[in-house]
Amino acid sequence: MAENGTATFTNPDDYQAGIGDASVNFIVTGGGEFNARLTWLNLRRFRVLRASENLPRIAFISLSPARVFISFPSSEGPPLTYGGLGVQFGDVVFHSRGERTHQRTNGESQWGLISLPPEQLAACGKALTGRKITSPPAGRVLRPSRSAATRLLRLHSKACRLAEKRHELTANPEVARALEQELLHALVNCLTADGANGNRKTQPHHADIMVRFEDALAAHSGPQPNMPALCSAVGVPERTLRVCCTEFLGMSPTRYLLLRRLNMARSALRRADPATASVAEIARDHHFLEPGRFAVTYRAIFGEMPSSTLRRTLIKTT
């Protein structure tokens with residue numbers, strides 16, 4: 001029996017936890033109240049996801065090595081940036097197995113994710129094209145033909161509509177099997193289409209640096225590391241790290257570190273008990289030593305004072 005559903009979120013922590021097969025760490029980079037929506041459909045072997053977000057953000061994504069993942073923008077709008085590469089509407093990202101990478105948006109966005117067992121894709125590729133289709137060693141941005149991309153997007157949208165409005169149909173094994181087969185054939189056509197621009201790849205060396213950068217940040221529990229210490233932990237010169245951060249994140253490493261700490265503080269404010277917690281205490285916990293400057297910076301990024309975030313927690317619990 002297929003599992004499916006849809007949910008809306010105002011808390012990035014809850015949203016990223018709902019994505020499922022992918023481990024996702026979100027850093028919101030624009031102001032306003034966060035709103036997102038997830039729709040998911042789990043078939044016998046296929047898993048289909050559609051995500052909609054209202055704010056720009058950077059996501060560090062770790063994919064399960066047990067499955068094959070394909071992602072794509074699901075509506076027209078500002079392009080996504082995946083691994084430093086622009087992904088337009090109609091493009092498809094063919095991820096490597098167990099990939100860890102960054103995905104960045106510059107405003108409102110909608111994107112889709114499909115995953116399936118690697119042996120299923122390989123077998124179908126062999127049957128339809130005469131050769132097995134396997135995940136690339138490094139993620140690739142493909143540009144399939146317009147008809148192939150349109151078919152995949154149409155079937156993805158159909159699957160999400162069924163999950164939202166006609167979920168009883170997906171409980172029918174014949175319906176679920178037919179939908180899986182249609183999606184599988186559409187994927188194969190996109191991943192092998194004639195004229196697909198499959199030469200655009202992430203730069204493996206830069207991608208590896210950015211993974212080490214995230215690992216260094218995750219391992220650091222004290223105050224914000226200075227650039228020499230951070231570069232030493234990553235194992236690259238400062239200029240190289242700056243180039244990679246600009247390419248993958250659209251900003252300097254110091255700006256990213258600041259936004260990362262601000263998002264962590266915002267998450268703590270959302271979880272805190274307003275009756276016992278204070279903004280100053282939470283700011284200090286996240287190594288902001290000047291509460292006044294923290295409040296000004298916080299408001300510049302999120303469009304509200306940290307005290308407003310803390311009070312909203314009280315309103316939600318009363």
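A disulfide here is a pair of cysteine sulfur atoms within 2.5 Å. I am working on a predicted model, where local features need pLDDT of at least 70 and side-chain atom pairs count only at pLDDT 80 or more, while totals for chains, interfaces and linings use all residues. I number residues from 1 along each chain as its sequence is written, and side-chain values use heavy atoms, with hydrogens and water left out.

**Cysteines**

I looked for disulfides by this rule and the count came to zero. Cys231 is in none, with the nearest cysteine sulfur, that of Cys245, 8.8 Å away. Cys245 is in none either, and for this residue the nearest cysteine sulfur is that of Cys244, 7.1 Å away. Are Cys231 and Cys245 buried or exposed? I call a residue buried under 20% relative accessible area, exposed over 50% and partly exposed in between, using a 1.4 Å probe and protein chains only. Cys231 has 7% relative accessibility, so I noted Cys231 as buried. Cys245, at 0%, is therefore buried as well.

**Sheet**

Next I traced the strands. My helices (H or I, at least four residues) and strands (E, at least two) are DSSP runs, numbered from the N terminus, and two strands pair if DSSP finds at least two bridges between them. I found an open, antiparallel sheet of five strands in the order β2-β5-β10-β7-β8. Each edge strand, β2 (23-28) and β8 (85-87), has a single partner, so one side of each lacks a neighbour in the sheet. For angles, axes are lines fitted to C-alpha atoms, for helices over the stretch in contact, and values run from 0 to 180 degrees between N-to-C directions. The twist from one strand to the next averages 25 degrees.

I then followed β5 (57-62) against β10 (100-105), an antiparallel pair with six bridges. Ala59 has Gln103 in β10 as its bridge partner.

Which helices pack on the sheet? Taking contact as heavy atoms within 4.5 Å, I found α6 (204-219) touching β5 and β10, with its direction at about 90 degrees to that of β10. Helix α8 (238-249) touches β5, β7 (80-82) and β10, and its direction makes about 60 degrees with that of β10.

**Pocket lining**

Last, I checked the largest pocket. A pocket is an open set of points on a 1 Å grid over the protein atoms alone, with protein on both sides within 12 Å along at least five of seven lines; lining residues have an atom within 4 Å of a point. I listed 21 lining residues, with Gln16, Asn25, Phe26, Ile27 and Met264 nearest the centre. Helix α9 gives the largest share of this lining, eight residues.

Key:
1 Å grid on protein atoms, 1.4 Å probe; cavity = no way out; pocket = protein on both sides within 12 Å on 5 of 7 lines; lining within 4 Å.
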